[in-house]
Amino acid sequence: MEVGFLGLGIMGKAMSMNLLKHGFKVTVWNRTLSKCDELVEHGATVGETPAAVVKKCKYTIAMLSDPAAALAVVFEKDGVLDGICSGKGYIDMSTVDDETSTKISEAITAKGGSFLEAPVSGSKKPAEDGQLVILAAGEKALYEEAIPAFDIMGKKSFFLGPVGNGAKMKLVVNMVMGSMMNAFSEGLELADKSGLDPQTLLAVLDLGAISNPMFRLKGPTMIQGNYSPAFPLKHQQKDMRLALALGDENAVPMPVAAAANEAFKKARSMGLGDKDFSAVYETVRQFKPSSS
Ligand SMILES: NC(=O)c1ccc[n+]([C@@H]2O[C@H](COP(=O)([O-])OP(=O)(O)OC[C@H]3O[C@@H](n4cnc5c(N)ncnc54)[C@H](OP(=O)(O)O)[C@@H]3O)[C@@H](O)[C@H]2O)c1
């Protein structure tokens, strides 16, 4: 199977590498061209523009940072729309809002192409290990055609119905995750400041009802102050912002998520946007008295 892949950031690189390793022919494009090099070493071909990739491949996958990037790659000159036509499928796996996804879907289908949104749950490591959870919505036939690729990139795929449902599901999941990360940060700080060993807190949490892989994975690195990015904080804040907008639209009060969003914004203002989202811990850590 031959696929195009647009966007070789943390996630796109791992996902496209997995497809290559499993025998797919992959044509890649990235705004910063040098990020294609490692993929080329593993057998990928480079397309000069998104349009060139789409013209070459029956199916093209995108994994881009946010709504602005997802729209730019489709609508700008030499973008996806310049290459799409009947018989071709475009699968956007970026995390965006349903409005962005719908706009892209309408433009693709107006040109005869088919469209699927397929954001993912899971981070850098699950992407490397082919263990993502894929939240697809849109053209059912394209979903079925994409299953061989989804089976390589993920451990489970859901088809959620019309365009927008995948985007919304992903935002709900990340809204919960972002809120949990803030509660966890406050807990670590409270343990530390009140004279408890944060490592012991991790052990206690891990044995109880709120044990989870995120606390287990991130706790030790947060205690060390190691925020090497698996999920960049700026993207988590984007997801909180989009989830809060979805809450506005549906009149759902979300005071916890709103507070978490403020903490991620604060972290961005501290220059932590490109660090891992767990760096939000620094927003509560920074108030340490200088004597401690
Ligand atoms: N990392 C995670 O754990 C994770 C998990 C689930 C979902 N996601 C979602 O997956 C998407 C990608 O995340 P990531 O962690 O891989 O992000 P990333 O490392 O920041 O990569 C972002 C990608 O988008 C490209 N891009 C940004 N603006 C662009 C523009 N205007 N035009 C063209 N390309 C543009 C970047 O190109 P350059 O290389 O040129 O900058 C890069 O390829 C995001 O929507 C994120 O929310 C991430």
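In which helix is Met180 found? Met180 belongs to helix 8, which covers residues 165–193. The structure described here is a predicted model. Its chain contains 13 helices and nine strands, and the domain assignment divides the chain into domain 1 (2–162) and domain 2 (168–285).

**Overall form of the chain**

- The radius of gyration of the chain is 20 Å, which agrees with the value near 19 Å that a compact globule of 292 residues would have.
- Along the principal axes, the C-alpha atoms of the chain fill a box of roughly 65 × 45 × 35 Å.
- Buried residues make up 48% of the 292 residues of the chain.
- When contacts between residues at least 6 apart in sequence are considered, 64% of them join residues at least 24 apart.

- Domain 1 spans 2–162 and domain 2 spans 168–285, according to the domain assignment.
- The centres of domain 1 and domain 2, taken over C-alpha atoms, are separated by 28 Å.
- To the contact between them, domain 1 contributes 13 residues and domain 2 contributes 14 residues.
- On the side of domain 1 that touches domain 2, the residues comprise four nonpolar, four polar and five charged.

**Packing of helix 11 against helix 12**

- Helix 11 (residues 233–249) and helix 12 (residues 255–269) have axes that come within 9 Å and cross at roughly 145°.
- The crossing of helix 11 with helix 12 is left-handed.
- From helix 11, the residues that meet helix 12 are Leu233, Lys234, Gln236, Gln237, Met240, Arg241, Ala243 and Leu244.
- Their counterparts in helix 12 are Ala257, Ala258, Ala260, Asn261, Phe264, Lys265, Ala267 and Arg268.
- Classified by type, the residues of this contact between helix 11 and helix 12 are nine nonpolar, three polar and four charged.

- Met180 has 16 other C-beta atoms within 10 Å; a residue counts as buried at 20 or more and as exposed at 12 or fewer, so Met180 is partly exposed.
- Met180 and Val3 lie 177 residues apart along the chain, and their C-alpha atoms are separated by 36 Å.

Technical notes
Residues are numbered from 1 along each chain as its sequence is written. This is a predicted model: local features need pLDDT of at least 70, side-chain atom pairs count only at pLDDT 80 or more; totals for chains, interfaces and linings use all residues. Domain bounds come from an automatic or database domain assignment. Two residues are in contact if their C-beta atoms, placed from the backbone, lie within 7 Å. Ala, Val, Leu, Ile, Met, Phe, Trp, Tyr, Cys and Pro count as nonpolar, Asp, Glu, Lys and Arg as charged, and the others, Gly among them, as polar. Axes are lines fitted to C-alpha atoms, for helices over the stretch in contact, and angles run from 0 to 180 degrees between N-to-C directions. Helices (H or I, at least four residues) and strands (E, at least two) are DSSP runs, numbered from the N terminus. A crossing is left-handed if the near helix is turned anticlockwise from the far one by less than a right angle, and right-handed if clockwise. The radius of gyration is taken over C-alpha atoms; the globule rule is 2.2 Å times the number of residues to the power 0.38.
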